[in-house]
Amino acid sequence: MYGIIMAMKILGIETSCDETAAAVVENGTVILSNVVVSQIDIFAEYGGVIPEVAARSHLEAIMPVINKALDDASCTWEDIDAIAVTHAPGLLGSLLIGTLTARTLAILHNKPLYAVHHLKSHVYANWLRGDSFAPEFPLLALVISGGHTQILYMRGHNQFEIVGTTHDDAVGECFDKIAKILGLPYPGGPSISKAALKGNPNKYRLPHPKVEGLDFSFSGLKTAVLRAVQKEVNVPISYPSHKLKELLSAEQVNDFAASFQKTAINILCEKLAAAKEEYPDIQSVVIAGGVSANKALRDALPDAFFPNVSLSGDNGAMVAAACFFEIESGVKPTDPYALNIYPRVSIEN
Ligand SMILES: Nc1ncnc2c1ncn2[C@@H]1O[C@H](COP(=O)(O)OP(=O)(O)OP(=O)(O)O)[C@@H](O)[C@H]1O
Ligand SMILES: [Mg+2]
């Protein structure tokens, strides 16, 4: 007798930072809908995320976003097999809105509920590329986002081992902070990469931090750029960093952006090369997280898997994809009456 092959449709919900997002994904690989409402416009004014404002915006957007994700996928609640939601790590108030909504919907519509770690979701964005290539195990995943910089070794689906991590700032955070010094708009990653296109990457020599093994450090690079800018415009190190942008020419801004971007990419590529030497059995390298949108990094790593640029940042589709492969690896649903949030928790837990 032939078994019936069913397609599993998962609704993924993501609210860990400043994007309110929901998506419907079939079998972890086919996107039926993907709705992302970004709060970038609100926070551009402040130059960064304000947690209380982010939580309030999620509250306003979450149900319209979920309803649109269902509509766009031409789904009713009957078609949805499971709900997946980000429960860690992230901003406390933001995580609360997403998980409370998912818990309520799971109870209301009697659906199994799965709690997903945000960094797993970023990695699984690489299974949503829509082409015929899927990463193969064992693999190395370089997670580069606003809050994390890690190298992960994956023996198989849902098996994550941290083999390198940052001692201080994340690389995305470094892009954001340096953009602020240079007077470039928030978020810093896209504006630095745009400015870098017009700049000379060899104009300013910036140091590579000396960190043992496969770990990273980015706070020294941020300070090095600050000192180089102060030196360039002839002010003492006590000069307020938020006023430096008034003294920089457009050419200097572009050259600093290009020099910093080149250094950051070199650091990431060097550590990845060292990781490949340490783990010669790996079959694939995948890059994940918001910084993976960076064009110069994509050019520097032609053999690595990158998510589609639209799925590099936070979205619900990657949550649904991660959930599908968790279910395939035997993970059981969570109790919707008891699901907790964890603003800071390792992917290994
Ligand atoms: N083209 C780009 N080049 C470099 N960095 C980029 C680019 N586009 C976005 N970024 C950076 O990506 C980061 C946002 O990524 P992401 O949304 O994954 O982070 P997050 O969700 O806030 O943090 P985390 O995933 O660690 O919880 C920001 O720091 C942003 O500047
Ligand atoms: Mg993220």
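Visitor: Which residues come nearest to ligand 1?

Guide: A residue is near if one of its heavy atoms lies within 4 Å. Of the 20 residues around ligand 1, S145, G147, H148, D176 and D314 come nearest. This is a predicted model: local features need pLDDT of at least 70 and side-chain atom pairs pLDDT 80 or more, while totals for chains, interfaces and linings use all residues. Residues are numbered from 1 along each chain as its sequence is written, chains are lettered from A and ligands numbered from 1 in written order, and side-chain values use heavy atoms, without hydrogens and water.

Visitor: Which N or O atoms of the protein lie 2.9 Å from an oxygen atom of ligand 1?

Guide: A polar contact is a pair of N or O atoms within 3.5 Å. Here a backbone N or O atom of G147 lies 2.9 Å from a ligand oxygen, and one of G189 also lies 2.9 Å from a ligand oxygen. In N294, a side-chain N or O atom is 3.0 Å from a nitrogen atom of ligand 1.

Visitor: Where does ligand 1 lie relative to domain 1 and domain 2?

Guide: Domain bounds come from an automatic or database assignment. Domain 1 (9–129 + 310–328) and domain 2 (139–306) both give residues to the shell, so ligand 1 lies between them.

Visitor: What are the protein donors of the magnesium ion (ligand 2)?

Guide: Donors are N, O and S atoms within 2.8 Å of the metal (3.2 Å for Na, K and Ca); water is not among the atoms, so sites may look incomplete. H118 (NE2), H122 (NE2) and D314 (OD) lie 2.2 Å from the magnesium ion. Along the chain, the donors follow the spacing H-x3-H-x191-D.

Note on methods
A polar contact is a pair of N or O atoms within 3.5 Å; within protein, one must be able to donate a hydrogen and the other to accept it, and residues adjacent in sequence count only if both atoms are side-chain atoms.
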